[in-house]
Amino acid sequence: MVGFTSYMEIALEEARAAGARGEVPVGAVVVGPDGVVARAGNRVRELCDPTAHAEVLVIRAACRALGTERLGGHDLYVTLEPCPMCAAAISGARIARLYYGASDPKSGGVEVGARVFSHPQCHHVPEVYEGIAAEESSAMLRRFFASKRL
């Protein structure tokens with residue numbers, strides 16, 4: 001049996017880079033059978049694009065890299081619980097497993113809020129694992145937003 005390998009550290013690196021660019025520090029990575037396919041951090045402000053969340057960007061990059069619109073058999077690691085828009089993109093991409101760090105009681109779309117994967121209209125539901133590096137993810141977000149309130 002092969003042991004579990006977490007790729008959350010790569011997502012955290014992307015989140016740190018996003019924060020350094022002045023973006024909300026959220027990072028994501030798509031992993032397939034051969035390892036990392038794509039990685040991304042939030043670029044909403046930089047791209048002037050409200051859809052440029054880490055999850056959407058990494059799904060787009062992974063699909064381009066693989067030449068497909070579906071990512072079945074691939075995992076997504078993200079530092080924050082996906083919002084409803086990102087949860088819908090995860091479902092549409094047919095991500096096999098979602099691993100996320102911090103819960104998002106205000107804007108989450110997986111375990112709180114919209115609970116996208118619980119809707120009968122949801123065509124694909126990934127396996128969901130929450131709380132991976134949650135404290136580090138949460139602390140990074142708290143520091144970022146605290147610095148904005150100074």
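Modeller: Let's start with pairing: two strands pair if DSSP finds at least two bridges between them. Strands themselves are DSSP runs of E, at least two residues long, while helices are runs of H or I with at least four, and both are numbered from the N terminus. Keep in mind that this is a predicted model, where local features need pLDDT of at least 70 and side-chain atom pairs count only at pLDDT 80 or more, though totals for chains, interfaces and linings use all residues. Residues are numbered from 1 along each chain as its sequence is written, and side-chain values use heavy atoms, with hydrogens and water left out.

The protein has 5 helices and 5 strands, and from the N terminus they come in the order α-β-β-α-α-β-α-β-β-α.

β1 and β3 run antiparallel, joined by 4 bridges, and here V31 stands opposite D75 of β3. β3 and β4 pair in the parallel sense over 5 bridges, with L80 opposite A102 in β4. To get from β3 to β4, the chain passes through helix α4 (residues 84-93), making a right-handed β-α-β crossover (right-handed means that, with the strands pointing away from you, the path from the first strand over the helix to the second runs clockwise). Next, β4 (residues 97-102) and β5 run parallel and share 4 bridges; Y100 stands opposite E130 in β5.

How enclosed is β3? 6 of its 6 residues are buried, so β3 is largely enclosed by the rest of the structure (buried means under 20% relative accessible area, exposed over 50%, partly exposed in between, with a 1.4 Å probe and protein chains only). Across the 150 residues of the protein, 45% count as buried.

What lies across the sheet? In the loop between α3 and β3 you'll find L71, which counts as buried because its relative accessibility is 0%. Beyond its neighbours within four places in sequence, L71 is in contact (heavy atoms within 4.5 Å) with residues including V30, I59, L66 and I95. Its C-alpha atom is 9.1 Å from that of G92, which is 21 residues away along the chain.

Over in helix α4 there's S91, buried too, because its relative accessibility is 6%. With neighbours within four places set aside, S91 is in contact with F117, C122, H123 and H124.

Zooming out, residues 24 or more positions apart account for 56% of the contacts with a separation of 6 or more. The C-alpha trace spans about 45 × 35 × 35 Å along its principal axes.
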